[in-house]
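This report walks through one protein model, from its fold to its surface and its charged pairs. Please keep the sequence and the 3D view open while reading.

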Amino acid sequence: MRVRVWDPFYEILQLQDRTNRLLKDGFGQTSLADANMPAVDVYEEGDKLVIEAALPNFDRKDIEGT
């Protein structure tokens, strides 16, 4: 009979690896930077949250909240 010593760090690393694989396979990308996402700037201006993004082929009037 073989005795296996429980290593909690091994379990955590396994969970991290499985989560990384799930996210990579689920989104089909290695990172969000590779997902053809538009460049976005987010900042606060007084009490407002401002989000600026380059959205080609969209008119400003077609975007809600502008």
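## Fold and conventions

Helices (H or I, at least four residues) and strands (E, at least two) are DSSP runs, numbered from the N terminus. Helix α1 covers residues 8-27. Strand β1 spans residues 40-45, and β2 spans 48-53.

The model is predicted: local features need pLDDT of at least 70, side-chain atom pairs count only at pLDDT 80 or more, and totals for chains, interfaces and linings use all residues. Residues are numbered from 1 along each chain as its sequence is written, and side-chain values use heavy atoms, with hydrogens and water left out.

## Exposure

How much of the protein is buried? Buried residues account for 2% of the 66 residues. The classes rest on relative accessible area: buried is under 20%, exposed is over 50%, and partly exposed is in between (1.4 Å probe, protein chains only).

The protein exposes about 6900 Å², and carbon and sulfur atoms supply 55% of that area. Accessible areas come from the Shrake-Rupley method with a 1.4 Å probe; for residues, only the protein chains shown count as cover.

## The strand pair and its nonpolar patch

Val 42 sits in strand β1. It counts as exposed because its relative accessibility is 53%. Val 42 touches Leu 49, Val 50 and Ile 51, leaving aside residues up to four places away in sequence. Contact here means heavy atoms within 4.5 Å. Val 42 and Glu 52 are 10 residues apart in sequence, yet their C-alpha atoms are 6.5 Å apart in space.

Which residues form the nonpolar patch on the surface? They are Val 40, Val 42, Leu 49 and Ile 51, with about 400 Å² of accessible area together. The elements giving two or more residues to this patch are β1 and β2. Patches are built from residues with over 30% relative accessible area and no salt bridge; like charges are joined within 9 Å, nonpolar side chains (Val, Leu, Ile, Met, Phe, Trp, Tyr) within 5 Å. Val 40 also lies in strand β1. At 44% relative accessibility, Val 40 is partly exposed.

## Salt bridges

A salt bridge is a side-chain nitrogen of Lys or Arg within 4 Å of a carboxyl oxygen of Asp or Glu. The count by this rule is two.

One of the bridges joins the side chains of Arg 4 and Glu 11, at 3.8 Å from N to O. Glu 11 belongs to helix α1. Arg 4 is exposed, since its relative accessible area is 66%. Glu 11 has 33%, so it is partly exposed. Beyond residues up to four places away in sequence, Glu 11 touches Arg 4 and Trp 6.

Asp 17 and Arg 21 form a salt bridge as well, at 3.2 Å from N to O. Why is their separation about one helical turn? Because the two are four residues apart in helix α1. Asp 17 is partly exposed at 37% relative accessibility. Arg 21 is partly exposed too, at 44%.

Asn 57 falls in the segment after β2. Its phi is near 70°, a positive value in a residue other than glycine. Asn 57 is exposed, because its relative accessibility is 82%.
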